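Please read it with the coordinates open.

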Amino acid sequence: MEKIDLEKIHLAYNQAKKRLCFLDLEGTLIPKTLDTNILVKLPTELLSKLTADPTNDVIVFSERTALEISALLTQLPLTLVAENGGFYRTSQGEWKSVSDK
């Protein structure tokens, strides 16, 4: 496997007209814990910078329930995916189940 060329990635990122950023909450943005009731400090500064750029669409995935993830992240304009993909909500929308028609 070739070594990742960070300059090439940086150039492509800066030249992109639109970016879709997929981020996992547990284990990536915050430490993964066995107790999902424990709320840890979120990297809100990073998420705020990403969502402030109109070129970026940010989607955060979580294993938490829709209620839990809403309490953590509804103040930011991003799409949330809860319960490992069972429910989703756009920044201005209501929670929907993937099984809804």
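The numbered points below go from the whole chain to single residues.

1. **Basis.** This is a predicted model, in which local features need pLDDT of at least 70, side-chain atom pairs count only at pLDDT 80 or more, and totals for chains, interfaces and linings use all residues. Residues are numbered from 1 along each chain as its sequence is written, and side-chain values use heavy atoms, with hydrogens and water left out.

2. **Layout.** The chain has 3 helices and 5 strands. Both are DSSP runs numbered from the N terminus: helices are H or I with at least four residues, strands are E with at least two. The order along the sequence is α-β-α-β-α-β-β-β. Along the principal axes, the C-alpha atoms fill a box of roughly 40 × 30 × 30 Å.

3. **Burial and surface.** The chain has 101 residues, and 30% of them count as buried. Buried means under 20% relative accessible area, exposed means over 50%, and partly exposed is in between (1.4 Å probe, protein chains only). The accessible surface is about 7300 Å², with 58% of that on carbon and sulfur atoms. Areas come from the Shrake-Rupley method with a 1.4 Å probe; for residues, only the protein chains shown count as cover.

4. **Contacts in sequence.** Take the contacts between residues at least 6 apart in sequence: 45% of these join residues at least 24 apart. A contact here is a pair with heavy atoms within 4.5 Å.

5. **Charge.** There are 12 positive and 14 negative side chains. Lys and Arg count as positive, Asp and Glu as negative; His and the chain ends are not counted. The centres of the two sets lie 5 Å apart. Each charge is placed at NZ of Lys, CZ of Arg, CG of Asp or CD of Glu.

6. **Salt bridges.** How many salt bridges does the structure hold? It holds 4. The criterion is a side-chain nitrogen of Lys or Arg within 4 Å of a carboxyl oxygen of Asp or Glu. One of them pairs aspartate 57 with lysine 18, at 3.6 Å from N to O. Aspartate 57 is in strand S2 (residues 56–61) and lysine 18 is in the loop between helix H1 (6–15) and strand S1 (19–24), so the pair ties together parts 39 residues apart in sequence. Aspartate 57 is partly exposed, at 36% relative accessibility.

7. **A buried pair.** Arginine 64 and glutamate 26 also form a salt bridge, with N to O at 3.1 Å. This pair links distant parts of the chain, 38 residues apart: arginine 64 sits in the loop between S2 and H3, glutamate 26 in the loop between S1 and helix H2 (44–52). Arginine 64 is buried at 4% relative accessibility. Glutamate 26 is buried too, at 7%.

8. **A pair within H2.** Lysine 49 and glutamate 45 meet in a salt bridge at 3.5 Å, N to O. Both lie in helix H2, 4 residues apart, or about one turn of the helix.

9. **Threonine 51.** This residue is also in helix H2. Threonine 51 counts as buried, at 16% relative accessibility. A polar atom of its side chain lies 2.9 Å from the backbone oxygen of leucine 47. Beyond four places in sequence, threonine 51 is in contact with Val58, Leu76, Pro77 and Leu78.

10. **Leucine 73.** Leucine 73 lies in helix H3 (residues 66–73). Its relative accessible area is 0%, so leucine 73 is buried. Setting aside residues up to four places away, leucine 73 touches Leu25, Leu42, Leu47, Val60, Leu78, Leu80 and Arg89. The C-alpha atoms of leucine 73 and valine 60 are 9.1 Å apart, with 13 residues of separation along the chain.

11. **Helix H1.** H1 is hardly covered: the count of buried residues among its 10 residues is 0. At its start, a side-chain oxygen of aspartate 5 comes to within 3.2 Å of the backbone nitrogen of glutamate 7.

12. **Positive phi.** Most residues other than glycine have a negative phi. Glutamate 83 has a positive phi of about 50 degrees. Glutamate 83 lies in the loop between strand S3 (79–82) and strand S4 (87–89), and is partly exposed at 36%. Asparagine 84 has a positive phi near 55 degrees. Asparagine 84 is in the loop between S3 and S4, and counts as exposed at 66% relative accessibility.

Notes:
Polar contact = N/O pair within 3.5 Å; in protein donor to acceptor, adjacent residues only side chain to side chain.
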